[in-house]
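Below are some notes for a colleague who is opening this entry for the first time. Please read them with the structure in view.

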Amino acid sequence: MTTIAAEQALAGPPGEVGWRLLELVEDQWLERKSARVAARDLADTLIGFGNAEGGTVVVGLWNGAVEGTDGNPRARNALVQAAMDYTVPPVRARSRLVPCVRDDGLADHLLVIDVEPGEGVVHANTKDLAFLRVGDENRRLSFAQRQELVFDKGQGSFETRMSGSSMKDLDDALTGQYARAVGASDVRGLLSARGLARDDGLTVAGCLLFAAEPQRIFPEAYVRVLRYRGRERGTGSRQQLLEDHRIEGPLPMQILQTRDLVSGLQPRRRALGEGGRFANVGLVPEDAWLEAIVNAVIHRSYSLAGDHTRVEIFDDRIEVTSPGRFPGIVAMSKPDQAPRYARNPRIARVLADLEFGQELGEGIKRMYEEMRLAGLHEPLYRQSSATVHVELSGDPVDQRLDAMLPVETREIVGALRTTPRLSTIDLANAIGLSRPTALKRLAALRDAGVVRWVGKSPKDPRAFWTLPPT
């Protein structure tokens, strides 16, 4: 879910606001709380959001019911003051009352608390315990993790500085698209609320995201795409470079243009396709290399001058390099288990609103999963003193198995990931195949151990396909 979904729900009529919010999945940016929550406990949630990318807490919803908060104004006032009374330094939070209708039909109000990400500080409670929002939960930080977060926060505050650009430099079409996406009518107010502008000036994040020509101020904020012949870069007279493209403009446009360019430049591989014939498919799954590029654009260190984001395409792999190291709270030995933490939380949140990327931890997990499902090696991460580098190899783990798997493998697995139990006909409809063809594809995947069939007999009407346990 993106932050847009929560804002759209909150903008609904009072009779629908509560149940719309109850339908949403709690995640990195949304938490529901009962009106009976203690102010001290609420403060810990605010701390988690403040130490991560910010978020929204809605009080007055609990266990599938709309409670409201008007019943105890004194307790509600204590919740409004929780950030001031129980967080150190105080989390920056804005409170508002949103009209709703309780389950018993009476008019009431929800308390909505919007939390801003902390700038250069790590928040703790009055017991000196610090938390970080990770997915749909708050995780208490160890002493070492907290110290690393202190360092990362200091490094990550660059996006909040004023850039030297102004509202006159905005790409009006792009900002208009963003305003429509979040349901806002005032572009200036929207950018200010998102921490992208102050007065008439744009912050670094606002300039990179929405200025028509951000490279006028940040010349290294671009993506370079290089296509090589063969498997090596080569040097001097042996240089293997075939194409060299420089992609500039605001970050959303950079991502879209890079996606289209890499899609056309990446090598193809042979896989079993429709009608039992071999077809050309992308060497590396698009979901994997695109997530690597989005992560690089979102999480790179824009304060490091002299370097840019680089995508290198070889005959056997795709490599993505970005300036800046992983946050200290990420263990390089297990990057797929990285907590969700953004060096540039405002950039991350806007691009999530525009449906780019999965954030740091979730995005890396997705890359691992897509490579595994394609029968390819896991992403290989390395970092130097100033860069993060990921290699996505197109060499299959098992050459024989790779040739046997149908080209629809990822579509089938994706459908089962969304709906864990599907019949043959449901899967056939989901991926646009006839039932006999789908059955052949599924049988090949079952034999390879990619999917599992559950039923008492071939004619069992309740039989279904699912993914094997991990």
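**Notes on a helix and a sheet**

1. In this predicted model, helix α7 is followed by G183, a residue with a positive phi, near 75 degrees.

2. Helix α7 itself covers residues 172–182. At its start, a side-chain oxygen of D171 comes to within 3.1 Å of the backbone nitrogen of A173. The buried residues of α7 are L174, T175, G176, Y178, A179 and V182; here buried means under 20% relative accessible area.

3. Elsewhere, 4 strands make up an open sheet, in the order β1-β2-β7-β6 and with mixed pairing. The edge positions belong to β1 (30–33) and β6; each has a single partner strand, so one side of each lacks a neighbour in the sheet. On average, neighbouring strands of this sheet are turned by 20 degrees against each other, direction ignored.

4. Strand β6 (residues 93–101) pairs with strand β7 (residues 107–115) in the antiparallel sense, over 9 bridges. Within this pair, A93 stands opposite V115 of β7. The two strands, β6 and β7, form a hairpin with 5 residues between them, and G105 in the turn has a positive phi of about 90 degrees.

5. Strand β7 also runs antiparallel to β2 (residues 55–59), to which 5 bridges join it. V59 is found opposite L111 in β7.

6. Which strands does helix α3 lie across? Helix α3 (residues 39–51) lies across β1, β2 and β7, and runs at about 160 degrees to β2.

Methods. Residues are numbered from 1 along each chain as its sequence is written. This is a predicted model: local features need pLDDT of at least 70, side-chain atom pairs count only at pLDDT 80 or more; totals for chains, interfaces and linings use all residues. Side-chain values use heavy atoms; hydrogens and water are left out. Two strands pair if DSSP finds at least two bridges between them. Axes are lines fitted to C-alpha atoms, for helices over the stretch in contact, and angles run from 0 to 180 degrees between N-to-C directions. Contact means heavy atoms within 4.5 Å. Buried means under 20% relative accessible area, exposed over 50%, partly exposed in between (1.4 Å probe, protein chains only). A polar contact is a pair of N or O atoms within 3.5 Å; within protein, one must be able to donate a hydrogen and the other to accept it, and residues adjacent in sequence count only if both atoms are side-chain atoms.
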